[in-house]
Each structure stands twice: as structure tokens, then as C-alpha cells.
Amino acid sequence: MTVLAATSGISHLVARRVAGRSLEAPFYTSREFFDLDIDAIWAQHWIFVAAEGELPEPGDYITAAIGPYSIIVVRDDDGNLAALHNVCRHRGARILPQERGSVGNIVCGYHKWTYRTDGSLLHAPSQDSGFDPTCFGLKAVHVRGVAGLVFVCLAEEPPADFTEVAARIEPYLLPHRLHEAKVAARVDLVEDCNWKLTMENNRECYHCDGHPELVRSFFPTYGYTDDNLPTPLRPAYDRYRRVEAEVRETYEALGLPYETIEELDTRPTGFRIEREPLDLAGESFTPDGTAACQRLLADFPTARLGHLSLHLQPNAWFHFLSDHAITFSVFPIAADKTLLRTTWLVHPDAEDGVDYDLNSLTKVWTATNEQDADLVARAQQGVASPAYVPGPYAPTEYQVEAFCNWYITRLWEHLHQ
Amino acid sequence: MTVLAATSGISHLVARRVAGRSLEAPFYTSREFFDLDIDAIWAQHWIFVAAEGELPEPGDYITAAIGPYSIIVVRDDDGNLAALHNVCRHRGARILPQERGSVGNIVCGYHKWTYRTDGSLLHAPSQDSGFDPTCFGLKAVHVRGVAGLVFVCLAEEPPADFTEVAARIEPYLLPHRLHEAKVAARVDLVEDCNWKLTMENNRECYHCDGHPELVRSFFPTYGYTDDNLPTPLRPAYDRYRRVEAEVRETYEALGLPYETIEELDTRPTGFRIEREPLDLAGESFTPDGTAACQRLLADFPTARLGHLSLHLQPNAWFHFLSDHAITFSVFPIAADKTLLRTTWLVHPDAEDGVDYDLNSLTKVWTATNEQDADLVARAQQGVASPAYVPGPYAPTEYQVEAFCNWYITRLWEHLHQ
Amino acid sequence: MTVLAATSGISHLVARRVAGRSLEAPFYTSREFFDLDIDAIWAQHWIFVAAEGELPEPGDYITAAIGPYSIIVVRDDDGNLAALHNVCRHRGARILPQERGSVGNIVCGYHKWTYRTDGSLLHAPSQDSGFDPTCFGLKAVHVRGVAGLVFVCLAEEPPADFTEVAARIEPYLLPHRLHEAKVAARVDLVEDCNWKLTMENNRECYHCDGHPELVRSFFPTYGYTDDNLPTPLRPAYDRYRRVEAEVRETYEALGLPYETIEELDTRPTGFRIEREPLDLAGESFTPDGTAACQRLLADFPTARLGHLSLHLQPNAWFHFLSDHAITFSVFPIAADKTLLRTTWLVHPDAEDGVDYDLNSLTKVWTATNEQDADLVARAQQGVASPAYVPGPYAPTEYQVEAFCNWYITRLWEHLHQ
């Protein structure tokens, strides 16, 4: 396909998108849209890559693959984070092939070009006198933290609204002390679907019947109000109202914000944050709802804080509880392949076998992720059929539609900038 | 490639095809021709997908992948068959991921949209009052049986001549009672070649030296007549003439048709049907030619019926014997990957270990299929070389040429419709 | 991409190549350049495929995959070599699927078309009288030996300068008697990179820190002269000068050429040949520098001959020692996949366990190849990032640049012929 033809086919599909319906197949299946998504979404927005606790010491680094890009995030000797393209300025070798580790300087394994943790070239062997090392520092990537979560942005000019979003969500997040939380577990799962199906799947609980472990700690009244409540759910609804009032009071007593903010499709940095009570013991995602880690993340007056959910477009969602936090980050691999990375964080002094049992801590979301991976793979398979036509979102899927609104707007602005 | 350029390159190759020679390489190797084949052949013709005995009870279903399409064939409560696209009308998920099974209603595993076996939407949870379920039934696919064999057609208007073809072959097939035959074995084999090489390979016995197990039960006089018979084959030829006369008499006594019909390249539904005697005991494809199953498929007066061969374009061939039947169905996966599904059918009351030994029943064609898979993989590898030029068919390969005539005509008509 | 657009994009990239810098990413990553490389480089130049000792007897053959091409090299009854396309003239099947073997005639396994070792069609079964076998011989490929090394050329007119190159390198090679040397070991390694990265990697020792086993037998003064020698290397440099003089005298006494010839980017058949002394015992690539095979390749007066290095574009390099020789041949598989075939040759009468230990013989270069495979894979990964920009060659990489000069010139001439 010529570049022109491809762009015009793509523009046409973007322009004719029908609100209220799922996207047409090429958005999920074609190489052209995958490439466009990399340019318009992944190379333009802030991408969540790690919690700060994953890089506690100077020299600690992680690498992340954002589509065809590979980036390094490294903590320098002053404790600050730098993000750099993981591409040697000599002949382009990938410098750090591992997913994480610790370095003094950043040394390319090919010809030993040696960079400081700020990316500047410290030494390139065997050069003659005309060689100017200041011209060959590693290309920098924007990096910033938000309440202990690390974001990078490949764009020259990151979205201007992220600072405001950060300021609005930090008061919710800071009490969980993620700066110092430690990694209890990390699981990578490759889903056989487009990244947007992974994100869409997370924006609705319409499929939550498929998550028997997860829904145990959820109130069964999700999506209902006084007006449309089925009679058998009345006792659960009363319980929900009681616990919800209790949790709200706790947060008010702590001077912490409680209200939901939902701005999924009204700004470049689409996001949503919400506090929700949990059913059963009300403390955590466990079969009986009690805390999975005895050592809470911070000096909370009670473990009954429910969960704080954060969704951040394009690539992450989070659950913050009193006893642990879970981060989910999504990375596109191919039109039909996506990495979902899940990380469980606990208090830095919490010990496996003492304060928590690793298996109990991780089992609900490990099961839930695997169930989701099966569902999104079926979605990918289905839309690949020429017989697929976009179908209607249910009212309870309004956030999926908001995500698609946001996505289409992002593409549109990119194509017409 | 632009759509125009692709079509024009394709049209040019279709137009310049040389009769009497194998097809040019792109027909076998290119993505463009694979996609065209899906549109012009697979989405237009009747495709054999199963024997009725594979779906004996109401609710029984099979799924089939026809290139990028996935379809469901299901038996409804009245015992009729329905065929449906396996794509949920909500957000497009593949509904039934398994190859076969049994259902009450057809429930999508993602959001529990529930369809009746006729495809109509019975229930979609959590919809508001404006939702009209009658707009969201599963898309239907044409389906019909022919003497117990199940065919589907993805086209809006299936080829008009199939009914006539069905009427002509049914008198040969019906006595074998395939409606009620049961599956003794099913083997899927992925061949590393284009689907046309699989079909071409089946249209000639020029390579039958490569099938030592199979040719034991064949007369060694294949392709010879009185005029060109080598002297050493005279006794075999006399034997062939004697057995052939005997089998012909049996069929005439039963009032069943005997003559060969060969219409491979003269109609949309290219086909060929032929009765042939078998050598040795003359009953079945076994090392000594005796029946592999003691319980015959029907109340035949003798097991010495030879075999009835049916070839049906684009995707199937069959052998019907007195004691069992074998169906072969071909499904395109990619330009260089093809599924060959082989199914052995026996009398519904025949029991493994009593009436037949499963290993003996299946071993000749299991070996033959594996030998063919090796040969067609070599054919695919060879034509992928830029040094390949189409070569001449031998006289004994006239049916391969007829298949290619049919194929080229189908493409031509599709491109110029 | 239309053919025109593809060609024009390619031409533009070829035209704007910046001297002194590594090539832009598409040269290594795109399908378009891979296809162009096959046409402009691999189908035009002489390709090293085997040592003659790999086909000692009449009927012995090897096959080689040169991108999409498969060729056969076979020794005929008169002891001459023929090279043929491995594509049957009937319907195009790959004739010989194995990598090597021995045949009387060349028989296609599909329909038994039978060719003589000169490619002429001896017999095609079941043809009618109009069939002319002289029209259907296997297509010939140019083949020639150089001092016991076998080269093929797919072009109708091979590069005219190869004869001159052969004449210039033969005096160096002939004393090693490769015509009769036997294969002690052969190892195939698939590298996850473009073939040019494999070749470039071999043209510099800037990365040799990554080869601890190999550099043991090298003098540590590589790249230094009297003018820029670091003081600590003075003793090694004196040792190098002493051994170098000794080896030079040995060759002069034998009447053999000694000087380096370097014509990497000044002719179609780019090449470089050089004798170099080895450190330690000075005999071979072993941990202590002593011969790995007690039986020398020829009746040399001493085992202290250092090594003779030959580099031949596009696809081979060689090391010839007194006790063994190693050939390295490179074959492109895909834009990011390359086969490196390494073969160790010893005296025809040398016996494993008596004259040499196979593990000791092969271990340095087996380790070195694996180290290189890791390095070139990192190079491929790195240049695939959109953040990659071509970087400057170090002075010690001038041969890499010469290779790229040669490559760009070859493409340019191909595109403008």
C-alpha cells in the first residue's frame, strides 16, 4: 500500500467511526493501524513503566519495550531517574538486553561505548582526536514520577495536561507510600490480542461473571441504583450503602479526597479515579476479604479502606488497597499481541511467609488476568472474521466507549496536526 | 501494493495462464492470491465441513475455520442443521472456541449474549429498553446436506448448480447410509503448502509409487488400456477386467448407478465420481484387501464393492467402501499452510475391538496422508524458488489440469463480475 | 507499496547514504531491502558453498539455500562439479530435500523425473510421444573451484573479475591442500540479524574483548603501531615483531606470497587476504597456541605458520592454519535471520581421538560464533528502534565501512544498470 493510500484508508476509517458501536476490524487487526497507534498514541503519551520501588538504589535500571522502541529507566547517583533510548549511538546496538539490573555506567556490550547514567558519553574506545563525545550521548526520553509511579514519554513535547492530572490524582495516591513500596511479585502475560482490546476489557465489568475469584470481594450491586434494583439484591444493596458510608467517613476523617473523577475522553491524558468499598471483610482482594498482608502499606487507622482504582490512558490501571497495591501496564507487541505486566507492591519491610503469603497475595489477580487473556483472545479471533460488524455497547460499557472516543480523537488530531 | 495494482497484477497472471502447464509461483506463494482465493473460491462455493454423523443429537455442533472465517454448524431441536457465523453481534468475540461440542443455547463466553440454535438473539444482559434483539441475530450461512454429508456456503447466493450435482451424486452415496454412520477416527494434519497443491496432489496417481501401503489394494494397471498395456501387466489387467465386470454386475443387480461422471472444469461445482474395483480381496483399503470393519455400513449383499471415489471442488474428496467411508476436507490457513482433516466413518453399531481394529482401519490413509504431506511440502518449497518455471503436465495428470482450468475460470469470473 | 514507490524509496536511501556512518535501519530491517539484496547481491555474485572435500566421490552432493533459491552442487562421474537449481522442471518440486547425500541420478521424489548429474533429463515417466526431454533439463548454475573451495553464481553472467581474484588468492591457499581435506565438524548457527550485520561484525576486531577464547592466540597489539603503542604493550609488541619476522621468513623460504591484499570496495568481488602470526605457541587457535591436529594439512616444515585470513564478499571468510582450516559461509534467510555455517577441515587421514580431539579443535570458534551471534542480535534489535540514527565508525572499523561502500556500490549499479 502506498503511504498515501494507507493514510487515506486509515483516515477514512477514523472519520466514519460510529459512536455507540465497537470499532471496525482493521483498528484491531491491521499492521497499518498498529504502526499508527505507535506513532499517534504510544510515542505521544505518558506511558507507565514501573513503580519507583522497582529501582530503589542508584544504578538500578529497568528496560521497557514500547512497540519497536526500547527504553532504559535508570536511577542516577543523586537518586533521580533518567530515561534513555536503549540504542547505542555508535552502530545502534541494544545496550542493555536484560529487563532489569544494576549498573555503574551504562556500557554497550558490543564495542564498550560507555555512557553515564544521564546518557552522556563517557568513553568510546579507539577514536581519533576529531571525535567529539558530546555529540553522541544517548537520546533522552522524558521521565517523571507521580506519587511513586514512573512514567516516560517518547514525544518531544509531552501532553501538557499531564501535570494537572498528576496534581489531581496525587492526593489519592500519596498516602499509599508507593515511593518506598517493594515488589512482592511480578507476572508478565502475553495476550493474543490488540492492546486496545486489553484496555477496553478493563473498562467494563459486564464480563465479570467470568471472574469468580475477583467478584467475591465486590458488591453484587454494581451498576444498580435505587431505581432499578432487583428485589433479591436489596440486602446486598443495603450492605453496600452502609459500608460505602463507613469508608467515606474514614477518608473524610483522614482529610483525603473521596469523590470519583472521570475524564476518560475529554483530554489527552484520559483518566479515571474512584474509591470503592469492598464486600466481606472489606480489606482486600482475598476470598474472605481480609488483608493479604498483615503489614499495611502505611500507618492507616484501619485496613477497611476498600480499593482505590486508577485508570490512565493509554496503558495502565491500578488498584491501591490498605495492605498492597497492584499495577498493571500494557505494552503493544504486534497488532494481535500485547504484553500485560502485573506487579504486586507491599510495605518495604513486609516479608513473605511472615506478613504475607505470596500465593494468597497474587492468586485473585493471577486468575483474573488469565481469564481476561482468554476473553480478549476470543475477541481478537472474532473480529478477524470478515463477518464481523461493529456491535452496540451496553449502557454498562459506557467507559469502553469513552476509551474509544478518546482513541479516535487522538488519531484524528495526529492525522490532522 | 495498492488495491488497483494488486488486482491488476493478479488479473495479468490469471489472464496469461498457459494451458497444459502448472500455475505460476504467485498462485501458490503470495498473500494477494491467498486473499483472492478466500474471496473468489472459499467464500463463493459449497464447502464440505462434516458428516451428519458428527452431529447426531440436538445441540451438537462443530465449528470450522474457512480461512479467516469461523462458522458454527449446529443441530436444532427439530433435528435440522443451521450454520452461523461464529462472531458475536455485540463486540465480535468468537462465541464457540472449541472444535465441537453440545449446547442448549449458543452463549458467548464474553458477555453472555445468548442465541438460539437458529441464531436469533434470545437475551443480551443489561440492555436498556431501546435495544431491539431482533436486529442482532447471528449472521446465517447457507447449509445443506447431501446424502449425509454437510456443506456450507458463505456466499449470499450459492452456486446454482449444486442442487443438480447433489441430485446426480446422491444415488451413488445414499446406499452407504452416511446419515447415521458414526465417527471412528478423525485426524487433522497441517500441510506446509498452498491448498491448491493439496487438491492437485489428490487429482493424480502419477506419484502413487510414493504410497506403498495404498497401492497394494489398487490394480497396477491404472492408466493403461488394451492399446498401451506392457506385457508383464497382462495377467493383472485380465484380473482387473474380471473383477471390474463382477463389481459392475453387483451394482446393476442392486439397481445402483455405475458409470463415471467427470465434470471437473465445466461448471462452478466441479466434481468427479467413479466406482473402481479393488485388487486382492477387493473389499477395502487393507493390506490383504479384506474388510477393515466386519459390520458393513449397510445391508450390502457382498463386501466386494470396490470403492466409490468422489472429488468435489474446492475442498473435498471421499472414499466410500462397503465397510467404511473416509472423508477428506481441506481448509486454507495461509498461502503456505493448509489443514487436511480426515474422518473415518463406520456403521453406527460397529464397535472398536469387536467389529474393527482402529489401527488397522486407519493405517493405510494415515500413512498415505503423511506421505502426501511430505510431497506437497516439497512442491511448495520448490515453486518458491525464483528459478521455478511452470512445467508440463503428463497425460496422466489431466485431472490436475482440469482442476486448474476450473480454478482459473472461477478467478476470472470473480474478477470480471 | 507499489513497485515504483518501493524502488524509489530504496533508491533514495541508497543515494543518501552518508560515508563514515553505519547504514540506515531499513537496510537491515525491511523486506524490500532483503528482496533487493537477493537480486542485487546474492543472485549476482559468487557465493561460497562448500569445500571440495565435502563432496569427495562421484554422486556426492550438497544443497544450499541462497535466500529463496535452492541449489544442488553434485560431483559427476568424471569428478567434475555441476551446480543446478533444485527445482523439478515438471511441477517445480524441490528435488533433493536433504542438505547432503549421494546419488546415482538425481531423482525427484514426487513423480520420479530422473536427471543426470549434469542436469539433463534422463527419464520422465508416462509421457506421450510429443514430449521432448531435452527441453526439460535442470537449470544450470555457474560453479567453480578455487584451491579446493566451491563457489556458485546464480547470475547469467558472473562478475568478470572473479577469475583474477582467484588467481591472486590461489598461491596463498593451494599449499593447504583443501582439495583433499576432510570435514571434521560442521556447525550451523542461525543468527537473529540481517546478513550484513554478520558480515560487518567479521570485519572488525573492535569488539574482540567479547571473545576471550579467541584473543588468547592473538597478539594484544592489534591496531597499534610504533607511533601510538601504549607503554605496557611494548613487550608484546616486541614479541609480535619477532614472530612476524620469523613467519615471514618461513613463507619466503617456501616461496609463498606473504603480503596483505585488501580490495574490499574497489571491485565487484571484494576481498581481503592477510597472513598473521599467532601469539603463544603460534601454531593454532588453541588455549596454548599449539596445533589442534597433530597431522598437519600438508607437508609443512613447521606448524608455526600463524593464520591466513581470507574474506570474500558477499558471503564468506576463512582461516587457514598449518593443522586445520575453517570455512565460514553466510546465507540470508530473512531480513532478520541469517545462517552461519562453520566447517572445520583437517588432513584426509587425520583421525578423531588419534590426531585431534574434536572438542578441542572446534571449541574456540564455536564459542566465538556464539558470542558473535549474541552481539549481532543486539545490533539487529537496536537498529529496529525508530530512535536509531546511524553512528560513526571508529578508525579501527575502516573495513566495515569498506564493506558498506562495496554494498552500496553494488546496489547502486544494480538499480541503475
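Predicted model: local features only at pLDDT ≥ 70, side-chain atom pairs only at ≥ 80, totals over all residues.
The axes of α5(A), residues 195-202, and α8(A), residues 358-383, come within 10 Å and cross at roughly 125°, where axes are lines fitted to C-alpha atoms, for helices over the stretch in contact, and angles run from 0 to 180 degrees between N-to-C directions. The two helices are therefore oblique to each other, given that angles under 35 degrees count as roughly parallel, over 145 as roughly antiparallel, 65 to 115 as roughly perpendicular and the rest as oblique. Helices here are DSSP runs of H or I with at least four residues, strands are runs of E with at least two, and both are numbered from the N terminus.

The crossing of α5(A) and α8(A) is right-handed; a crossing is called left-handed if the near helix is turned anticlockwise from the far one by less than a right angle, and right-handed if clockwise. On the α5(A) side, Leu197(A), Thr198(A) and Asn201(A) meet Asp372(A), Leu375(A), Val376(A), Ala379(A) and Gln380(A) of α8(A), with contact taken to be two residues whose C-beta atoms, placed from the backbone, lie within 7 Å. By class, this contact has four nonpolar, three polar and one charged residues, where Ala, Val, Leu, Ile, Met, Phe, Trp, Tyr, Cys and Pro count as nonpolar, Asp, Glu, Lys and Arg as charged, and the others, Gly among them, as polar.

A word on conventions before I go on. Residues are numbered from 1 along each chain as its sequence is written, while chains are lettered from A and ligands numbered from 1 in the order in which they are written. Local features need pLDDT of at least 70 and side-chain atom pairs count only at pLDDT 80 or more, whereas totals for chains, interfaces and linings use all residues.

What does this helix pair look like in chain B? There, the axes of α5(B) and α8(B) come within 10 Å and cross at roughly 125°, in a right-handed crossing. Leu197(B), Thr198(B) and Asn201(B) in α5(B) meet Asp372(B), Leu375(B), Val376(B), Ala379(B) and Gln380(B) in α8(B), and the residues of that contact divide into four nonpolar, three polar and one charged. In chain C, α5(C) and α8(C) pack at an angle of about 125°, with their axes 10 Å apart, which makes α5(C) oblique to α8(C), and their crossing is right-handed.

Now to the relation between the chains. A rotation of 120° with 0.0 Å of shift along its axis superposes chain B on chain A, with an RMSD of 0.0 Å, the copies being superposed by least squares on the C-alpha atoms of residues with pLDDT of at least 70 in both. The two copies use different surfaces, in that 8% of the contact residues of chain B recur in chain A. Chain C is superposed on chain B by a rotation of 120° with 0.0 Å of shift along its axis, again with an RMSD of 0.0 Å. That is the relation of a three-fold axis.

As for the interfaces, 24 residues of chain B are in contact with 24 residues of chain A, and the side of chain B that touches chain A has nine nonpolar, nine polar and six charged residues. Likewise, 24 residues of chain C are in contact with 24 residues of chain B, and the side of chain C that touches chain B divides into nine nonpolar, nine polar and six charged.

Within chain A there are two domains, domain 1 (51-158) and domain 2 (163-415), with bounds that come from an automatic or database domain assignment. Their C-alpha centres lie 31 Å apart, and the contact takes twelve residues from domain 1 and 16 residues from domain 2. On the domain 1 side, strand β2(A), residues 60-66, gives the most, with three residues, and by class that side has seven nonpolar, three polar and two charged residues.

I will finish with the backbone. Most residues other than glycine have a negative phi, and most peptide bonds are trans. The peptide bond from Gln313(A) to Pro314(A) is cis, with omega near 15°, and Pro314(A) is in the loop between β14 (307-312) and β15 (316-320) of chain A. In chain B, a cis peptide bond joins Gln313(B) and Pro314(B), with omega about 10°. Finally, phi of Lys112(A) is near 65°, a positive value in a residue other than glycine, and Lys112(A) lies in the loop between β6 (106-107) and β7 (114-115) of chain A.
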